[in-house]
Amino acid sequence: MPSNPEGQSNTPKPTWPEQYRELAQQAKSPLLKAFYEAGCVDPDMPMSDVPLVALDFETTGLDPNEHSIVSVGLVPFTLGGIQLGRCWHQVVRPQLPLHQTSIEVHGITHSDIDKAPDLNEVLDKLFSYLNGRIPVVHYRDIERPFLNVALQWRLGEGIRFPVIDTMAIEAHLHPDRRPTRWQRLLGKKPVSIRLADSRQRYGLPHYASHNALIDAIGTAELLQAQIHHHFGPNTPVKDLWL
Amino acid sequence: MQAELIDIRNHMAQYPPFDEMPEELMDQVVGGVEVEYFRAGTQILEFGQDNTWLYYIRSGAVEIFRRSGELYNRIGEGDIFGQFGLLMNKTVRFPAKALEDTLVYRIPEATFQYLFENDDGFADFVETEDRSRLRSALSRREKSNDLMTSKVTRLIARTPVSAPCTVRLQEAARIMTDQGVSALLLMDESGEHPILKGIITDRDLRTRAVTEALPSETPISDIMSEGLITIRASAYIFEAMLMMLHNNVHHLPVMDKDEVRGVIALSDIVKYESQSSLYLVSNIYHQNDVKGLKKISRDVPDTFVRMVNEDANSHMIGSAMAGIGRSFTQRLLELGEEKLGPPPIPYCFMALGSMARDEQLVVTDQDNAMILDDSFVPEEHDEYFLALAKFVSDGLAECGYTYCTGEIMATNPKWRQPLRVWKGYFTDWIENPKAEALLNSNIFFDLDGIHGNTGFAEELKALVAEKASHSQRFLTLLARNALNRTPPLGFFRTFVLEEDGQHRKTFNLKRRGTAPLSDLIRVHALACGSRAQNSFERLKVIGQTKLLLEDDLGNLRDALEFISIVRIRHQALAIEDGRKPDNNVRPEDLSPFERSHLKDAFQVVSNAQKFLRFRYNAQVGRNAQ
């Protein structure tokens, strides 16, 4: 997996810690400045030592430019333990109207939303969890872009950070996910890399409810399992982040 | 506690001691939890290590050991461990190891102490070890039918007991007694790493050492069994069961690459699953007369249905049912030998057809034969072997294995002959083949020695493997015979149904499905000199040659599995409904899924037959006599 973020082509790409130092200089918002100043772990740090935070957003859709964040769930963790006592779940008021379909998915109703604060009001709390930790998500095209767009609107500047994507890891482990017609006929299903299905492959339990927090915890557990099965605790973080 | 963590609280609240705890207290417990994942085989707690957590198993299974390394308990979902150390001086008293991939919730010591002082139910629970043991025994019983999904490692009760294979008889016996084991592994320690060389069991000591009055200094290597049958650690209990059934061994070393993880015994599996086919098998060997055998033969259909319901595949079911049939036959032979006295000359009792192929189902007749030693003198010996053959054949009929209508049984003098005559039969079939004669002798090309000097049967297999591939004419005729029965597919992929007789409006899944498939697989297997008998095994061997394309092999394997499993389910349904199981299926009794895929599978059979015709030049009318 690439260890460097997307960026300039010719000159050697700056490492994430270097980018953080640079971005800390440029950032105008005190929140973002503090975030970058808290620093990024050394790319060679073994996974066993890396402070992590599993992050999950429920959103009104898939496009960060058209849809909004509805709820945030997160839990700080390390390879050695997920601290349930420090987890956080927050419903936030989306900028755009809530569609009937997303109500069905998340079980978040209009009355929950009406009472909810805007994301702006809980940014301090959100960053208190993010500072100094590497975010872990299942499917990297949601949390990072949505947060980036939400901050551009609210703070006038976006955010950059590396993520570890448990879905990308599963995709990497199962390059041939599609069975042949005959295999399908005998009941062989395609290998699904959705969170619940991926968890099942590691003997992780099924969670009945679905909310941003349970999914964040589920993602954290999945990463622990993936590392113990396929990588080992000494794997440098740069091998996994994207 | 965050309301979103309710899943986690609800899980814990199902199990004691948390089931009677007030909600506020539970919220506090959950708020302190740290979650950690352990891969199967990881040591979670080492003896004497500091520990400040109580462990709750959210999923998976954990083994708890005594200080001595002996297994103390095996616990699973909803069980706790680590409490004894917390109660003593915060050091681990009972080491713990993840048996399966395990997710634990760790509860900090401060919470543990708080609960211990403020919740009487909790205090009672963690102080009483017996209750948790009883409960884990119960939960084990609830889970007892998952032979298909539990790994053999679950049955390993202790670290393996071994000795160098240079020890003497007496020393080996002493080690076994001291360690309380029924089998001792013998290692070759001459190289850099010890290598598993042999095994000696209680039974071996009795039959080979004591009855022969061997001196106590006899090297153990003189009497140990070598060429061991072992099983890999990642195998399912079911596979271990099939291995024991097929090879008639009662101990299996469990191997992790070259390293022995432990030994499992037949009795371990029977203890684990008292309803399994192995239980039936071990029961067969405990019967002392035909009446007893007949009585337990009534359990065979239930065992079959249970395996179907547990989603066993056709290979598993076929092997297990063949193993059961073989065990009935073997026990009857033992009883017959007891009654008639020991055999006057060596002999081998041979299973033919589906039993030899490990593809037996519940509706089956007996196909067997006897190979006698070449010192056979009919006037002197045949009275004995006829009586034995008759005893076994009648006994099998009592147990539900009906007489073979084609008279392919050891009671028929033609199929009770010395080895040299058998070699003559096979040589003649292969070298001077005649279509008509081959049709009747087809069944002899699936053979397996199941009792007595099975080396005789191996000699015949070797002869077939060597000669068959060289006789083009034999393969051509065999291929032509394999084309006699076609799959029931008509124009536009409609099913062709029987037009008359008692099975009108049905098609026969055996005659038009599995039988043509196993026939054509046999032809290819013989053409590439394979000694395998089972159709799936034969496909594997064919795959090592370039006879068939990888895709075609896969299609054949899948078609065989699909038709077999539909046939098996059809029979299991009949048994459950109290009807007599058969092979005749009405299309309307199949689900649309089964109907559509059966057609696909039959199409594979049809294409494979076309290839067979082409490959062996087997057009009817050409080369015919």
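Predicted model: local features only at pLDDT ≥ 70, side-chain atom pairs only at ≥ 80, totals over all residues.

Reply: Residues are numbered from 1 along each chain as its sequence is written, while chains are lettered from A and ligands numbered from 1 in the order in which they are written.

Start with helix 2 of chain B, residues 23-32. Helices (H or I, at least four residues) and strands (E, at least two) are DSSP runs, numbered from the N terminus. B:Val29, B:Val30 and B:Gly32 are buried in this helix. Buried means that 20 or more other C-beta atoms lie within 10 Å of the residue's own; exposed means 12 or fewer, and partly exposed lies in between, with C-beta atoms placed from the backbone. B:Glu23 and B:Glu24 are exposed, on the face turned away from the buried side.

What covers the buried residues of helix 2 of chain B? The cover includes helix 1 (6-12), strand 8 (102-108) and helix 4 (109-118) of chain B. Contact here means C-beta atoms, placed from the backbone, within 7 Å.

The contact takes 29 residues from chain B and 27 residues from chain A. Helix 23 of chain B gives the largest share, 5 residues. This side of chain B divides into 9 nonpolar, 8 polar and 12 charged residues. Ala, Val, Leu, Ile, Met, Phe, Trp, Tyr, Cys and Pro count as nonpolar; Asp, Glu, Lys and Arg as charged; the others, Gly among them, as polar.

Strands of the two chains pair as well. Strand 1 of chain B pairs with strand 3 (residues 81-83) of chain A, antiparallel, over 2 bridges. Two strands pair if DSSP finds at least two bridges between them. B:Val35 in strand 1 of chain B stands opposite A:Ile82.

Now the cores. A nonpolar core is a set of buried Ala, Val, Leu, Ile, Met, Phe, Trp, Tyr and Cys residues joined through C-beta atoms within 7 Å. The largest has 129 residues, of which B:Met350, B:Met370, B:Ile371 and B:Val523 touch the most other members. A second, separate core of 93 residues includes A:Val53, A:Val136, A:Ile217 and B:Phe122.

Elsewhere in chain B, 3 strands form an open sheet in the order 13-14-15, with mixed pairing. Strand 13 (231-232) and strand 15 (259-265) of chain B each have a single partner strand, so one side of each lacks a neighbour in the sheet. Strand 14 (residues 251-256) of chain B runs antiparallel to strand 15 of chain B, joined by 6 bridges. B:Leu252 stands opposite B:Ile264 there.

Last, chain B as a whole. There are 24 helices and 21 strands in chain B. Buried residues make up 43% of its 625 residues.

Terms used:
Contact = placed C-beta atoms within 7 Å.
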